[in-house]
Amino acid sequence: MILNEILSVFTSEYFFVVIRMATPIILAAIAETFLERSGIINLGCEGMMMFGAFFGALGSWLTGNPYLGLLLAIISGLVAGGFFGFMTISLKGNQIVVGMAFIVLGYSLTSFLYRMILGIQLHPVKVAGIQAFDIPLLSQIPIIGRVFFQQNPLVYFTYFVIIAAWVIMYRTSIGLKISAIGENPKAADSMGINVIRWRYICTIATGALFAIAGACLSLTQLSLFADNMTGGRGFFALAAVILGRWNPIGATAGALLFGAGDAFQMRLQAYGIPIPSDVLLAMPYVLTLLAVIFFRNRSSYPPSALTQPFEREVNKSHGK
């Protein structure tokens, strides 16, 4: 009986929710993939997602326009990414330590700013959210149309990011340069590739993508900001990068797995299936752990220079 109830969850509506729930994890996972391919790991992606969630909601609350809120979120991500790059690239700070600091900063600073600007509220303040819209013709395709083409604009943006990430990584000189500085930055430097410049580009650009991932939560899923609203999705993204073998498509598949687990436990609760709520809430985290254990021997090695600071040698040409 319970098995039949569980199987009844898997409808087109369920897969629609999977795509929606996985979107912020996919964006964060693709951003982290590029960053790690350049030789930098950002454990603080969770904190940067919090910045995006907060400033997206704040911008929407101040202007009444969620797209201006999204713009403010992107700006916050660019600033956070630039600061992270300054700490890890210019000052050569330990990337793990700096990343952990960003997690604490993201949680605490957004909570403080929320209370300072909006005051202590009994309930979270609702803001204008980005509304979903159907893509003509494609949205009318049976099952697939509902799942993929009746979503919000940030989901459609994510489709573009997935394709663009793969093309850039494997079909352009930009991807080759990023991979080169992540594998052997000194060799790349000797070939005239400006390692420091490209690492800064990666930290700043991915900071913006982390912020957009956070804004997905506050502007498309909840239309509000709440403390700790990322709920560990940044850590899911980090695991997805490993499971995806530092490949944008693989990272997307890993993120979809975690999104499916999150959507599954939500649907089970909504259906009133007699499983303890604590077990259901833990399901995405357990799924993450099991996936990492199962694929631990199947993942390729990370970039050789990951977490290693780069010291530019003198008397070199850096034109590219």
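**Figure 1. Helices α4 and α10 make a right-handed crossing.** A crossing is right-handed if the near helix is turned clockwise from the far one by less than a right angle, and left-handed if anticlockwise. This is a predicted model, where local features need pLDDT of at least 70 and side-chain atom pairs count only at pLDDT 80 or more, while totals for chains, interfaces and linings use all residues. Residues are numbered from 1 along each chain as its sequence is written, and side-chain values use heavy atoms, with hydrogens and water left out. Helices are DSSP runs (H or I, at least four residues) numbered from the N terminus. Two packed helices are described by the angle between their axes and the distance between the axes. For α4 and α10, the packing angle is about 145 degrees and the axes are 7 Å apart. Axes here are lines fitted to C-alpha atoms over the stretch in contact, with angles running from 0 to 180 degrees between N-to-C directions. By class, the contact of α4 with α10 brings together 16 nonpolar, nine polar and one charged residues. The classes work like this: Ala, Val, Leu, Ile, Met, Phe, Trp, Tyr, Cys and Pro are nonpolar, Asp, Glu, Lys and Arg are charged, and the others, Gly among them, are polar.

**Figure 2. Here α10 meets α3, with axes that come within 6 Å and cross at roughly 55 degrees.** The two helices α3 and α10 are therefore oblique to each other; that's the label for whatever is left once angles under 35 degrees are called roughly parallel, over 145 roughly antiparallel and 65 to 115 roughly perpendicular. The crossing of α3 and α10 is right-handed. On the α3 side, the contact (heavy atoms within 4.5 Å) uses C45, M48, M49, G52, A53, G56, A57 and S60, and α10 answers with G207, F210, A211, A213, G214, A215, S218 and L219. Sorted by class, the contact of α3 with α10 gives 10 nonpolar, six polar and no charged residues.

**Figure 3. Zooming in on α2 (residues 12–37) and α7 (residues 153–171), the axes come within 10 Å and cross at roughly 25 degrees.** That angle makes α2 roughly parallel to α7. The crossing of α2 past α7 is left-handed. From α2, the contact takes in I19, T23, I26, L27, I30, F34 and R37, while the α7 side includes L154, F157, V161, A165 and Y170. By class, the contact of α2 with α7 comes out at 15 nonpolar, two polar and one charged residues.

**Figure 4. Two cavities of 30 Å³ or more turn up in a search of the whole structure.** The search runs on a 1 Å grid over the protein atoms alone, and a cavity is a set of points where a 1.4 Å probe fits but cannot get out; lining residues have an atom within 4 Å of a point. Grid points are joined across faces, edges and corners, and a volume is the space filled by probe spheres set on the points. The largest cavity holds about 70 Å³ of space. Its lining includes F54, W61, Y114, V127 and F225, with α3 (45–63) and α5 (95–118) each supplying at least two residues. By class, the second largest cavity is lined by six nonpolar, two polar and one charged residues.

**Figure 5. The largest pocket takes up about 350 Å³.** A pocket is an open set of grid points with protein on both sides within 12 Å along at least five of seven lines. Of the 17 residues lining the largest pocket, F34, A165, I168, A205 and L209 lie nearest its centre. At least two lining residues come from each of α2, α7, α8 (173–183) and α10. The lining of the largest pocket has 16 nonpolar, one polar and no charged residues.

**Figure 6. The second largest pocket has a volume of about 280 Å³.** It is lined by 16 residues, and M21, R233, D262, Q265 and M266 are the closest to its centre. Elements giving two or more residues to this lining are α2, α10, α11 (233–243), α12 (248–271) and α13 (277–294). By class, the lining of the second largest pocket has 10 nonpolar, three polar and three charged residues.
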